[in-house]
Amino acid sequence: MSRFWSDHVVDLSPYTPGEQPKVDNLLKLNTNEHPFGPSPRVLTAIKDAADDSLRLYPDNDSTALRQAVATLHGVQAGQVFPGNGSDEVLAHIFNGLFRHGDRPLLMPDVTYSFYRTYCKLYGIACRTIPLADDFSIRVSDYVGAHPVRPAGIIFSNPNAPTGIALTLADIRAIAGANPDVPVVVDEAYVDFGASSAIALLSECPNIVVVHTLSKSRSLAGLRVGYAVASKEIVDGLVRIKDSFNSYPLDKLAQVGAVAALQDSAYFDETRNAVIKVRENLSKQLKTLGFEVLPSLANFVFARHPEHDGAALSRALRAEGILVRHFGIARIDQFLRITVGTQADCDRLCNTLSEIILKTH
Ligand code: PMP
């Protein structure tokens, strides 16, 4: 086999997604899906669009979708870059914006683990910066002089899997101190209480914000995400996309996504319901003795001082409840628990309480 094969393919450790069980009798609190279904308007729009026109290729420019995103965020349609889920948007960003020889991409040591996979895949050097002791991103680590000029900076806000968010002032400081490199803010979970860095784009044209419809719009199955950035950056991403797959979004996804983005009443009602349950869940877990990090996402990150994270996750699974445990040293004690309905969270906490009592 060629050198390329052995360096890039055999050694590539693919991202391991959370389990998607083939049976439906498990309570899934492991991959941050929304507990309520998508807006009923999405289902109607998709049914109406499922006709003979599916024999034609879809709108290559996702015109209506880009316009719907632009209207929602108060930007121009030319500043919107859509893709098949934000994972695909991120793939184009890594491929197009971060490949600069030996210059490293800076990211927190604990963040969305896909970033490292993309670095490996695209041959991007990566320098991880430890989170502070309280698991927050320490802004000063990103604003000081770096030993080598970085290729860019990426982090999730709120961060995954901690759920802790930076303020817009923090993000402005990071972007302002690194004006000549892209600063990518992955806002997969921003709608559950944090502020979007889209508000900073006119001031900081090096910021690229990435959103998904998988979480707050409850459309993980439709695979739609997008980036919002300066027109120059989006034009570059479009050229990369067209060289790779010029029709990334299917017609039904485009139609469904537009309907979801336009139903602001349903969006507000369901995300507020999730936020309410998140606050209850945090309290319930604390009553059971867990330390719970302050989350602005649709999940909480919690550890018990006397119980091993891996063992708790296994015991929950045996009771039919899936949560996420990462086998990473610094966060090995933690469980990442998706906020479900209040009934889901009650079942989780009752089960945890029994497990804890049994193992005392
Ligand atoms: N970014 C973060 C931080 C995530 O947790 C996820 C979901 N795993 C994604 C991006 C990708 O989401 P999607 O591809 O469904 O849009």
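Author: **Around the ligand**

Helix H4 (residues 85-97) gives the largest share of the shell around the ligand, three residues; helices here are DSSP runs of H or I with at least four residues, strands are runs of E with at least two, and both are numbered from the N terminus. This is a predicted model, where local features need pLDDT of at least 70, side-chain atom pairs count only at pLDDT 80 or more, and totals for chains, interfaces and linings use all residues. Residue numbers start from 1 along each chain as its sequence is written.

The residues around the ligand include Gly-85, Ser-86, Asp-87, Tyr-112 and Asp-186, a residue being near if its C-beta atom, placed from the backbone, lies within 6 Å. By class, the shell has four nonpolar, six polar and two charged residues. Here Ala, Val, Leu, Ile, Met, Phe, Trp, Tyr, Cys and Pro count as nonpolar, Asp, Glu, Lys and Arg as charged, and the others, Gly among them, as polar.

Now to the helix pairing. The axes of H3 (residues 63-73) and H9 (residues 251-262) come within 9 Å and cross at roughly 15°; axes are lines fitted to C-alpha atoms over the stretch in contact, with angles from 0 to 180 degrees between N-to-C directions. That makes H3 roughly parallel to H9, as angles under 35 degrees count as roughly parallel, over 145 as roughly antiparallel, 65 to 115 as roughly perpendicular and the rest as oblique. In H3, Ala-64, Leu-65, Ala-68, Val-69 and Leu-72 meet Gln-254, Ala-257, Val-258, Leu-261 and Gln-262 of H9, contact being C-beta atoms, placed from the backbone, within 7 Å.

Note on methods. Two residues are in contact if their C-beta atoms, placed from the backbone, lie within 7 Å.
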